[in-house]
Amino acid sequence: MDKNFQEEQFTGIIKFTPPLYKQRYQFIKDLVGKYKPKKVADLGCADCTLLWMLKFCSCIEVLAGLDICASVMKEKMHRLSPLPGDYLQPAERSLTVTLHHGSVAHKDPCMLGFDLVTCIELIEHLDQLELKKFPAVVFGFMAPSIVVISTPNSEFNPLLPGVTLFRHPDHKFEWNREQFQSWALETARRYDYSVEFTGVGHPPTGMENVGFCTQIGVFVRKYPQTSESAQSEKPTEAVYKTVFKAVYPSLKDEKYLQNAVVSEVIFIAQIIKRSLLDHLMSEHEEYNDDPTERKSKFQPSMNCFSEDLGNWVVEKSMEPFVNGSVVYIPLKTIFSFPKVNRLCGTFEKLCKLVAGKVTLSSDGSAVMFNTEHENEEN
């Protein structure tokens with residue numbers, strides 16, 4: 001049975017708004033918003049709901065989940081796959097999501113290098129031996145900058161009708177606040193972390209003395225982990241089994257960046273071309289009311305500019321212009337648009353990305369459009 005569903009059977013009697021599990025996940029999202037971690041691992045990820053919520057956080061580039069029950073992960077892991085919209089509009093950041101099958105009592109090098117590790121309603125599912133190994137794995141081996149651990153507060157249990165011993169049949173223990181804080185403070189001291197205590201799920205008015213329904217410890221590493229200490233702990237082989245991996249399309253990938261830049265260049269160039277042609281047409285309308293003469297005047301001679309002169313104008317000016325039946329929009333003009341500038345970074349990068357993908361002038365400095373179709377329509 002899903003642990004959130006089991007819990008809500010009891011906490012539904014005392015109305016938590018939002019539901020308690022959502023409050024826990026929101027706590028993590030708020031923490032991510034505050035510290036902006038790039039790499040986040042969720043230990044005991046179960047049905048991957050927290051990972052699914054975190055994939056929308058723009059600062060995160062790597063998400064990993066670990067659970068002892070592969071079937072629970074596999075049931076919902078499809079939610080972590082990229083959607084069609086992710087390919088149509090790739091994000092500027094990269095994002096890789098990976099799920100592993102294994103125990104938090106074992107060390108695996110795939111869990112090194114994370115900024116934030118979350119353990120939401122996990123430790124109470126560990127037996128005595130696993131709980132003894134847990135701090136060495138998470139705080140000693142993984143050694144992330146921040147660790148968040150949430151666990152039931154047993155002092156709240158008398159307020160939950162139907163709870164006789166524990167809130168979930170798989171729980172091996174449930175600590176009161178003193179027990180959790182004693183364990184957390186000792187763990188923090190041993191591995192050079194500080195820890196602050198809070199929680200979610202406020203008690204009813206008049207019962208504040210029992211504390212939060214879910215107690216939370218936020219551990220922050222005091223000193224940066226040295227590469228030597230991390231390497232000395234690294235095991236020789238992997239022990240987790242990877243059951244899922246998704247690499248999201250990103251503008252950091254050259255092929256997706258090129259597609260985005262080319263689409264934006266064509267879009268901007270089309271707008272500039274249309275504006276230029278409309279402007280020229282309106283100028284001719286001011287001087288000529290005869291539609292047939294207007295059409296002939298709108299078509300300047302193909303020989304009115306030499307090729308050399310045309311190239312000189314493009315190089316020396318950012319102004320788009322018409323030469324015969326061809327409209328020239330300088331790439332420097334297009335590069336001045338904020339989105340293109342942000343995507344490319346440099347003008348040289350823009351030239352490289354559009355080369356061979358759009359029709360350019362002979363010197364490669366301007367996008368070219370033939371106006372014959374527009375003239376036929378007019």
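Guide: Pro-18 is found in the loop between helix H1 (3–11) and helix H2 (20–35). Helices (H or I, at least four residues) and strands (E, at least two) are DSSP runs, numbered from the N terminus. Before we go on: this is a predicted model, where local features need pLDDT of at least 70 and side-chain atom pairs count only at pLDDT 80 or more, while totals for chains, interfaces and linings use all residues. Residues are numbered from 1 along each chain as its sequence is written, and side-chain values use heavy atoms, with hydrogens and water left out.

Visitor: Which form does the peptide bond from Thr-17 to Pro-18 take, cis or trans?

Guide: Here's the general idea: most peptide bonds are trans, and most residues other than glycine have a negative phi. The bond from Thr-17 to Pro-18 is cis, with omega near -5°.

Visitor: And phi? Where does Lys-36 lie, and what is its phi?

Guide: Lys-36 is not a glycine, yet its phi is positive, about 55°. Look for Lys-36 in the loop between H2 and strand S1 (39–43). Asp-192 also isn't a glycine, and its phi is positive at about 60°. Asp-192 belongs to the loop between helix H7 (177–190) and strand S6 (193–200).

Visitor: Is Asp-192 buried, partly exposed or exposed?

Guide: Buried means under 20% relative accessible area, exposed over 50%, and partly exposed in between (1.4 Å probe, protein chains only). Asp-192 has a relative accessible area of 38%, so it is partly exposed. Val-243, in strand S8 (residues 241–247), has 17% relative accessibility, so Val-243 counts as buried.

Visitor: How many aromatic pairs does the structure hold?

Guide: Rings of Phe, Tyr and Trp (its six-membered ring) pair if their centres lie within 6.5 Å; planes under 30 degrees apart count as stacked, over 60 as edge-to-face and the rest as tilted. The structure holds 14 aromatic pairs. One of them joins Phe-180 and Phe-197 edge-to-face, 5.9 Å centre to centre with 75° between the planes. This pair links distant parts of the chain, with Phe-180 in helix H7 and Phe-197 in strand S6, 17 residues apart. Phe-180 is buried, at a relative accessible area of 1%, whereas Phe-197 is partly exposed at 29%. Ring pairs also tie Phe-134, Phe-173, Trp-175, Phe-180, Trp-183 and Phe-197 into a cluster.

Visitor: Which ring does the charged end of Lys-273 sit over?

Guide: A charge sits over a ring if NZ of Lys or CZ of Arg is within 6 Å of the ring centre and within 35 degrees of the ring normal. For Lys-273 the ring is that of Phe-369, and the charged end is 4.9 Å from its centre. Lys-332 has its charged end over the ring of Phe-347, 5.8 Å from the centre.

Visitor: How much space lies in the second largest pocket?

Guide: On a 1 Å grid over the protein atoms alone, a pocket is an open set of points where a 1.4 Å probe fits, with protein on both sides within 12 Å along at least five of seven lines; lining residues have an atom within 4 Å of a point. The second largest pocket holds about 310 Å³, a volume being the space filled by probe spheres set on the points, which are joined across faces, edges and corners. It has 15 lining residues, and the closest to its centre are Leu-88, Gln-89, Pro-90, Ala-260 and Lys-339. H9 gives the most to this lining, with 5 residues.
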